[in-house]
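Let's take a friendly walk through this structure, one region at a time.

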Amino acid sequence: MSAIKSIALDNTELLRFITAGSVDDGKSTLIGRLLHDSKSIFEDQLSAITHTTNKRGMKGVDLSLLTDGLQAEREQGITIDVAYRYFATPKRRFIIADTPGHEQYTRNMVTGASTANLAIILIDARKGVLTQSRRHTYLASLVGIPHLVVAVNKMDLVDYSREVFERIRSDFAAFAEELKLHNITYIPMSALNGDMVVERGDKLPWYEGVTLMDLLENIPIDHDINLDDFRFPVQWVCRPQTEELHDFRGYMGRIESGSIQVGDAVTVLPSGLTSRIKEIVTYDGLLNHAIAPQSVTLTIEDHLDISRGDMLVKTDEKPQVTKEFEAMLCWLSEQALDPKRKYLVKHTTRIVKALVSQINYRVDVNTLNREAADIFKMNDIGRVRLKVQQPLVCDNYEHNHATGSFIVIDEASNNTVAAGMICPEGFDGSGSRSGAGKLDGFGS
Amino acid sequence: MDIILSDMQEFITPVPNFVMKSEPIVLKRRPVRQLGHMDALESESIHILREVAAECANPSLLFSGGKDSIVLLRLAEKAFRPGRFPFPLLHIDTGHNFPEVIEFRDRRASQLGERLIVRSMEDSIKQGRVVLRSENQSRNAFQSITLLDAIAEFRFDACIGGARRDEEKARAKERIFSFRDEFGQWDPKNQRPELWDIYNTRVHAGENIRVFPISNWTELDVWEYIAREQLEVPHIYFAHTREVIRRGNGLLPLSHLVQPKDGEQTENLMVRFRTVGDMSCTCPVESTAVNVAEIIAETAITRITERGATRMDDQTSDASMELRKKEGYF
């Protein structure tokens, strides 16, 4: 086994990121460049897209063809759904969600953003910060992506001008300040020519920062997950009822945040009953200690009635248990939100009936202004109050993504119609101006 | 026609050949604050399998004897032991499978003590449900019909499969929980949004969900996992001498289905299979890799995609996988 380990890339870190930008900012080209320069494009893919490029009467290789996977996309030359790409360097494994820039597909951007450690916001150096860049940045902050990179692309078309780059940087920084976003990295680049993507190139000598690949490989991500509060939603109860394992009752699930040790005092929610961890069982043997996001089987000292939908937490790190809460809702369905209807909410491993009892406001994602609203249509984002039939065991999204997020399902069509993020009760964000203040974006 | 190796209706029998390890794991290194990529992928897949089991009324797991589904079985063990799998294994046998793989399939299912259901395309052909132009035609695309028939027969509301997003462009856009309508069809433009890892498993009667727990794994991840877990795979995955015919850009294995055409010569080459599908269209690659470590080394530096190298049916058009998936293919 040791020989294998040395050949393989071993157990390196996994970084998930999204690329977002306007239609022609060159997202697909950037991804193509990352794959190409990190030697992750295969020969048959390269020869297929070279063939297609030539067939369309163009020269060279159109790297954007790599990610445009569906027939309709190739016909229209646009990206219409999230495409996932995989590549590896000796330092890390990467999963890219390539999300579309078209307005009608904002929902896909939210989908791709929900699991990302990092977002690359692409800006065309010729056009500067556009409405769509603002919208994507707002969405990234709303979904709470921990790291943000602003890639000022197409520098080749502005003569690699430092002045242009600095102007865009200060425009963007002013906007980011409104969202209280910090720790943004700005990188000038040409995805087409490869400058500052993987290689530095020789056209941007005035830029002393990192290349995009340097950043992706080295940015610390071990604090992206909540390591403090133990949350264990029960997925499945294992009762083999065999002679040998007659009394075995294992609670199977994934540690969503925090860590647990044998002997720790735990509380079962919503019932509030308490016990201690007896064993942490895995297929490979017993553990003394386990951390998020490990999937394990827990046994406890006492015989309690625990089933799917319940949550085990450490007795001294309790979340809230509530039947009414406020949340930011991103409406994803073509069928508008109907406040008179009952919906289903899936939160951790629990599905409950829910009612939107109040719409506080809708956010104009272009101006960040709040406006009054009676309904939400597709791609609308706003703050609502929800009532649920059974109590949810939850945290604020800002504090804990896993226990602060939920989806809304239409009971009639079974479609996923909205994504929700639980907000602190009564906390209304801005504190000052009613207009473009700090909204409920959960920035870093 | 129904091979049942064991019955899982009764949950009270112990899992054969499974001994709960009650010894603590001795950690070779300090406890870490973050999981490595392999552990993270494994945990994500286990979480997905448990969600299917808990929320779907009648799931099944597609097991072909290929490497991806071998990995799925190990993940299912990790997800459900010391209990039994809460679903049967299902194989759609095209009748053109490699005999070594079929032998392996039966042996593995029996070792695990889980129920294996086999539905064969031969039966669909006899019933007139599948009409082939010629006896030797690739049967890959027609699997969908037999699969959909099996789904209807057993009323499966979810089928777990070993497809990966790195395999092909259309797959790269597919959700982990992929909804199919009552005709088994995939509508790529109208997929359910999939946020965080909260999965919507709800379907109406007659519809079903395809679930891909190893969506985020790459070919290299699969081989690294096979090495790490010391999983047995059919030996045609390893380099061996085989009589092949060069056709187009690929090599085709000589068999009763594939014979040299005029002007074609057979050659004896050292080859291995990267996928093990329909014998009439699955091409081996030239290789000297005789063990898992050597396959990992080759995979890490290979310059051709898995399907590009090995599947003639994916090369017919730029969108052939997408078209087949719309028809109900896995």
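**A buried arginine and its surroundings**

Arg81(B) sits in the loop that joins α2 and β2 (89-93) of chain B; helices (H or I, at least four residues) and strands (E, at least two) are DSSP runs, numbered from the N terminus. This is a predicted model, in which local features need pLDDT of at least 70, side-chain atom pairs count only at pLDDT 80 or more, and totals for chains, interfaces and linings use all residues. Side-chain values use heavy atoms, without hydrogens and water; residues are numbered from 1 along each chain as its sequence is written, and chains are lettered from A and ligands numbered from 1 in the order in which they are written.

Arg81(B) counts as buried because its relative accessibility is 5%, where buried means under 20% relative accessible area (1.4 Å probe, protein chains only). A polar atom of its side chain lies 2.9 Å from the backbone oxygen of Gly83(B), and the backbone oxygen of Leu112(B) lies 3.3 Å from a polar atom of that side chain.

Now turn to helix α7 of chain A, residues 162-178. Its 17 residues reach 25 Å from first C-alpha to last, close to the 24 Å expected at 1.5 Å a residue, a span taken as 1.5 Å times one less than the number of residues. Val164(A), Phe165(A), Ile168(A), Phe172(A), Phe175(A) and Ala176(A) are buried in α7(A). Down the axis of α7(A), the buried residues fall within an arc of 100°, so they line one face of the helix; the arc is that of the directions from the helix axis to the C-beta atoms. After α7(A) comes Lys180(A), with a positive phi near 55°.

Conventions:
Buried means under 20% relative accessible area, exposed over 50%, partly exposed in between (1.4 Å probe, protein chains only). A polar contact is a pair of N or O atoms within 3.5 Å; within protein, one must be able to donate a hydrogen and the other to accept it, and residues adjacent in sequence count only if both atoms are side-chain atoms.
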